Amino acid sequence: MAEEKESSSVPLSQAENGILDPEDPAKSPPSSPNSSTRKACCFVLQSWVSKKFMTGCVVLFPVAVTFFVTWWFIQFVDGFFSPLYAQLGIDIFGLGFVTSLLFVFFVGVFVSSWMGATVFSLGEWIIKKMPFVKHIYSASKQISAAISPDQNTTAFKEVAIIRHPRVGEYAFGFITSTVTLQRDNEDEELCSVFVPTNHLYIGDIFLVNSKEIIRPNLSIREGIEIIVSGGMSMPQIISPQQRIAQQIEKIPLNRIK
């Protein structure tokens with residue numbers, strides 16, 4: 001009994017010196033208010049710094065990507081005519097880039113003429129006879145024709161919204177052509193809608209009734225920007241063209257004048 005009392009008792013010297021059992025929460029000294037305030041201030045400061053740092057990254061990331069892509073494009077285009085100027089002893093940065101832009105401009109002017117169109121058609125005929133190159137050329141030509149200012153039969157006609165893949169869900173696409181489906185009762189007009197699944201060069205083709213297609217007030221370039229950006233450039237309000245035309249018809253003529 002005496003040994004148990006000795007083992008359970010705490011020496012007075014240890015109690016006076018403040019030596020307590022750290023594992024006993026009842027005997028641990030309480031935290032001071034200053035330390036709690038210091039921890040709270042450090043937490044708020046750390047949260048504020050991390051938030052502002054991420055805000056800076058979000059703001060600077062598109063700027064850095066834009067400058068990087070622009071600089072790479074300038075160097076890439078400048079490299080076409082820079083070796084020619086280097087052989088002539090002319091070393092001016094950007095001169096090759098300006099020359100390339102002028103070259104592209106004059107090619108557009110030349111192809112727009114009758115003689116240029118004939119020469120271009122001959123070169124295109126030669127390229128289409130090549131076994132592997134013709135597929136690459138055809139795919140790239142379809143993409144460039146979609147954003148070309150000269151709308152032809154191979155370009156995207158309109159931006160379309162169709163119900164896909166389930167009821168209540170919609171998909172963005174481009175009307176490429178129209179086709180008439182002959183039936184026993186009556187003919188049905190269908191629109192060929194290209195719905196991209198991987199940016200613009202890969203997608204699915206759907207034949208949709210022209211009456212079931214929603215035609216928004218978006219241009220072809222706006223539709224391409226929406227798809228390439230993953231929907232981040234989507235406008236907040238999309239109105240069909242028929243609704244806009246009805247609203248314009250309701251406006252009095254005196255207000256239009």
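Reader: Is Cys 191 buried or exposed?

Author: Start with the cut-offs: buried means under 20% relative accessible area, exposed over 50%, and partly exposed in between, with a 1.4 Å probe and protein chains only. Cys 191 has 1% relative accessibility, so Cys 191 counts as buried. This is a predicted model, where local features need pLDDT of at least 70, side-chain atom pairs count only at pLDDT 80 or more, and totals for chains, interfaces and linings use all residues. Residues are numbered from 1 along each chain as its sequence is written, and side-chain values use heavy atoms, leaving out hydrogens and water.

Reader: How many disulfides does the structure hold?

Author: A disulfide is a pair of cysteine sulfur atoms within 2.5 Å. The structure holds 0. Take Cys 41: its nearest cysteine sulfur belongs to Cys 42, 7.0 Å away. Cys 41 is partly exposed, at 48% relative accessible area.

Reader: What is the mean pLDDT of the chain?

Author: pLDDT is the predictor's confidence in each residue, from 0 to 100. The chain mean is 76, and 74% of the residues reach 70 or more. Treat residues 1-20 separately: pLDDT stays under 50 there. For that stretch the model has 2 contacts (heavy atoms within 4.5 Å) beyond four places in sequence.

Reader: Where does UniProt place the feature "transmembrane region"?

Author: UniProt positions follow the numbering used here, with shortened feature names, and annotations may be inferred rather than shown by experiment. The unreviewed entry gives residues 53-74 and 94-120. Now check the model. Helices (H or I, at least four residues) and strands (E, at least two) are DSSP runs, numbered from the N terminus. Residues 53-74 are 100% helix and 0% strand, with end C-alpha atoms 31 Å apart. Residues 94-120 are 93% helix and 0% strand, with end C-alpha atoms 29 Å apart.

Reader: Which residues of H4 are buried?

Author: Gly 96, Phe 97, Thr 99 and Ser 100. Seen down the H4 axis, they fall within an arc of 160° (taken from the directions from the helix axis to the C-beta atoms), so they line one face of the helix. The face turned away from that buried side carries exposed Phe 105, Phe 106 and Ser 112.

Reader: What does Glu 124 touch?

Author: Glu 124 lies in helix H5, residues 114-128. Glu 124 is buried, at 12% relative accessible area. Leaving aside residues up to four places away in sequence, Glu 124 touches Tyr 137 and Lys 141.
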